[in-house]
Amino acid sequence: MRNYGYCKVAAAVPEVKVADCRFNIEQIKSFILEANNQKVEIICFPELSVTAYTCGDLFLQDTLIRETEESIHQLLADTQNLPICFIIGAPVKRNSKLYNCAIICQKGKILGIVPKRFLPNYSEFYEKRWFEAYLPDINIEISYGDCICEFGRNLLFGSDGNYFAVEVCEDLWSVVPPSSYHSMAGAQLIFNLSASDELIGKQQYVKSLISQQSARCQSAYVYAGAGFGESTTDLVYAGNAYIYENGKLLSESQRFQFKGQLIINEIDFNLMDTERRKNTTFFTDPISNNYKKIALYKEDLEISRLTRSVNPTPFIPSSSDYNESCEEIFSIQVAGLAKRILHTQAKSLLIGVSGGLDSTLALLVCVKTADKLGLSRKMVCGVTLPGFGTTERAYRNAVNLMKSLGVSMKEISIVAASEQHFKDIDHDPNIHDVTYENTQARERTQILMDMANQMGGMVIGTGDMSELALGWATYNGDHMSMYGVNAGIPKTLVRYLVQWIANTQIDPQSKATLSDIIDTPVSPELLPVNNDGQMTQFTEDVVGPYELHDFYLYYTLRYGFSPAKIYFLAKQAFEYKYEGKIILKWMEVFFRRFFSQQFKRSSMPDGPKVGSVNLSPRGDWRMPSDASANLWLKEIEKLKN
């Protein structure tokens with residue numbers, strides 16, 4: 001059975017009646033049953049959900065406290081055969097003091113009680129009037145009805161290295177939230193039982209607070225806020241519920257609903273562990289020795305499909321921040337090149353312009369950099385280097401783009417030089433093998449390098465990160481340059497970035513050319529054209545779809561996921577486009593090439609890092625060139641059977 005490190009969690013916002021514990025417990029039970037039917041492993045309810053949060057001085061009434069305890073024990077009896085763990089909010093009396101608590105329950109037992117640490121005492125909240133803040137850092141055993149359980153803030157719940165912890169509402173708003181300590185003690189998942197009233201603009205602040213705490217602690221964070229049914233004498237509660245993972249919002253409730261709500265999603269313990277393992281600033285605090293670990297009952301569940309969506313293009317910015325992200329990416333490329341120009345005092349920028357996407361993006365970076373430095377665009381020298389496979393369409397687009405951008409232009413055919421080289425090394429030009437192809441790539445690079453010497457300039461590399469991952473570059477050919485502006489840009493992002501530049505940064509004439517370049521199939525154009533002058537070589541026919549390779553690259557480098565987990569994610573992300581056997585076919589190609597081609601990355605030129613994934617041997621990816629791919633390939637082979 002496989003769950004790939006995922007745990008299915010839920011946040012519930014039940015309808016409540018103030019001080020009506022029986023009604024509230026029935027609402028809670030209905031959500032527990034619904035969540036259990038959906039294979040949820042842990043569900044969280046709002047703060048003081050058994051009584052309602054807005055009971056006021058009724059919290060000081062013995063009748064309410066006694067009814068709270070009886071209702072909870074009835075709920076335990078009704079759910080004793082269910083595997084789901086649930087967290088409810090209730091007042092708990094101990095030593096004549098009342099505490100605002102989260103009660104963690106499973107299989108008819110109370111596993112632990114976590115009291116609130118920080119109590120608000122604002123004009124609209126008077127919690128200190130009824131409750132005591134729990135200050136000690138120690139856990140104790142208490143009796144709650146028929147249950148003997150742990151009572152304290154330093155409790156971790158879980159098993160097999162996967163743990164969650166709990167904090168209550170205001171705890172999150174404190175200078176150092178308890179969840180910070182919980183995370184350092186080993187909790188990868190935090191639950192927050194809350195009752196936060198609505199004010200103008202407050203929702204965005206709360207979401208920002210949760211997102212930042214989730215990201216800072218490199219944890220998942222499930223927040224359940226009080227909703228409809230709470231007293232509206234002075235305040236309104238909108239029923240905010242959120243599920244975050246490492247700062248990213250996965251699910252949220254609809255606000256101001258008049259019925260109860262349930263949000264469900266999976267959080268990835270595997271992902272959290274990977275993030276913490278890579279982050280050297282994340283450490284285990286000595287106070288973790290004060291924590292008590294409480295085991296949960298856990299069924300061996302197999303997850304066949306995630307509730308959450310899986311983005312098939314993880315490198316492409318979301319629509320909500322698309323313009324901002326593209327502008328930032330382009331600016332990073334420009335800033336990196338600008339520094340190198342000023343440092344080297346380069347008088348010119350040499351770039352081979354093929355009419356393809358990569359060289360187009362690199363050319364646009366060069367032009368924008370010249371503009372920002374106040375230099376003439378004529379310092380940018382675009383060189384067309386037509387060869388045996390150059391098509392009229394690509395050539396025309398290259399020339400038209402350089403003309404409209406106003407850069408210097410040069411055309412040098414590599415046909416004669418390549419033919420002479422074939423003679424020199426005694427290679428039959430009718431044999432269109434790797435020698436035939438690489439001869440052309442190296443000839444082009446030689447020309448550009450020598451021209452750079454002539455013009456006191458430097459060669460700008462055009463290769464992208466996807467090509468570096470697959471080794472789809474001729475060693476000491478297009479693999480080499482003096483600065484690679486596209487080194488941090490994966491192939492799937494190149495197209496979107498060029499489209500953004502066309503829409504926002506460029507003149508109408510250049511935009512028309514860019515549109516046709518975007519529609520041109522990806523090809524190195526190294527094999528001869530057909531009788532109609534059309535290209536015969538398509539990159540993705542040989543190495544596979546770049547969208548699949550970028551997907552594999554992202555989850556391999558960003559999170560260190562295994563082939564089995566990446567396959568599981570890819571099947572959901574591409575379920576309407578690729579069959580499982582096709583996904584595995586190209587995954588095998590990816591890992592074979594990724595391992596065998598590391599030697600090219602070990603000697604790659606300088607270039608700017610743009611996103612969280614990068615292949616620079618000086619920074620993000622340091623791998624021996626002779627490492628074996630056998631472990632990964634064996635796992636892929638098992639997936640085929």
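Let's start at Ser 96, which sits in the loop between β3 (85-94) and β4 (97-106). Keep in mind that you're looking at a predicted model.

- Most residues other than glycine have a negative phi.
- Ser 96 isn't a glycine, yet its phi is positive, at about 65°.
- Ser 96 counts as exposed because its relative accessible area is 74%, and the cut-off for that label is over 50%.
- Gln 345 isn't a glycine either, and its phi is also positive, at about 55°.
- You'll find Gln 345 in the loop between α7 (322-344) and β16 (348-352).
- Gln 345 is exposed too, with 63% relative accessibility.

**The sheet**

- Here's an open sheet of 7 strands with mixed pairing, and its order reads β13-β12-β11-β10-β9-β8-β15.
- At its edges are β13 (248-252) and β15 (292-295), each pairing on one side only.
- On average, neighbouring strands in this sheet are turned by 25° against each other, ignoring direction.
- Zoom in on β9 (residues 162-168) and β10 (residues 189-194): these strands run parallel and are joined by 5 bridges.
- Val 166 has its bridge partner in β10, namely Phe 191.

**Helices on the sheet**

- Helix α5 (residues 202-216) packs on the sheet, where it touches β11 (220-225), β12 (241-245) and β13.
- The direction of α5 makes about 30° with that of β12.
- Helix α6 (residues 269-278) lies across β9, β10, β11 and β12, and it runs at about 90° to β9.

Note on methods: Residues numbered from 1 in each chain as written. Predicted model: local features only at pLDDT ≥ 70, side-chain atom pairs only at ≥ 80, totals over all residues. Heavy atoms only, no water. Helix = DSSP H or I, 4+ residues; strand = E, 2+ residues; numbered from the N terminus. Buried < 20%, exposed > 50% of the residue type's maximum accessible area, 1.4 Å probe, protein only. Pairing = 2+ DSSP bridges. Axes fitted to C-alpha atoms, helices over the stretch in contact; angles between N-to-C directions. Contact = heavy atoms within 4.5 Å.
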